[in-house]
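Work through the exercises below with the sequence and the model open. Each task is followed by its solution.

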Amino acid sequence: MLFRSANSSELADDKARTHALWERYDQEIVSPKYALIPQGSSAEEIAERLRIFAGDIAIQPNKGTEGYNVEKFNTGADLESALLYVREQVLPEDDAMVRERRGNVRYTDGASGSFLNVTFRVNVVWNGSEFVAESGYAQTARDENTFPASRGRGGSIVDINH
């Protein structure tokens, strides 16, 4: 897979590039199956890429963060809806990243009784000789049916130790 030259922040935001890098270390880093659907893809090309998945998938822009434009589909029941979502919502702005939906870790504050989807973020820095984890946090969804998102999109930031 070829990647355009970009600055470091653009490279860090490129989900397809991240997955491709993880594939080099497939014994150490287990990554969900994914497919990149480039802008300008035909309906047939989109459907072909969606059909490689069985079950629940997440569709999102290749670049971006904070839970923007991320939706889940089931390839058995929602294939046509997924295809329309890619064509009408994602591809006008960016390439589309499709990936297996994984994860069974949920977060609850105990008080509400809700179990929210959660993702863990680790902030990595270069100390002059190596990359080191500097800090981290958990990011939750706004409700039980959505993906983790930024506070601006209804999610919450939680101390990683909780």
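**Exercise 1.** Which residue in β3 is the bridge partner of I57?

*Solution.* This is a predicted model, in which local features need pLDDT of at least 70, side-chain atom pairs count only at pLDDT 80 or more, and totals for chains, interfaces and linings use all residues. Residues are numbered from 1 along each chain as its sequence is written, and side-chain values use heavy atoms, without hydrogens and water.

Step 1. Locate strand β3 at residues 71-74; strands are DSSP runs of E with at least two residues, helices are runs of H or I with at least four, and both are numbered from the N terminus.
Step 2. β2 and β3 run antiparallel and are joined by 4 bridges; two strands pair if DSSP finds at least two bridges between them.
Step 3. The partner of I57 is F73.

**Exercise 2.** Which residues make the contact between α3 and α4?

*Solution.* 
Step 1. Helix α3 spans residues 43-50 and helix α4 residues 79-90.
Step 2. From α3 come A43, I46, A47 and L50; from α4 come L79, A82, L83, V86 and R87. Contact means heavy atoms within 4.5 Å.

Conventions. Axes fitted to C-alpha atoms, helices over the stretch in contact; angles between N-to-C directions.
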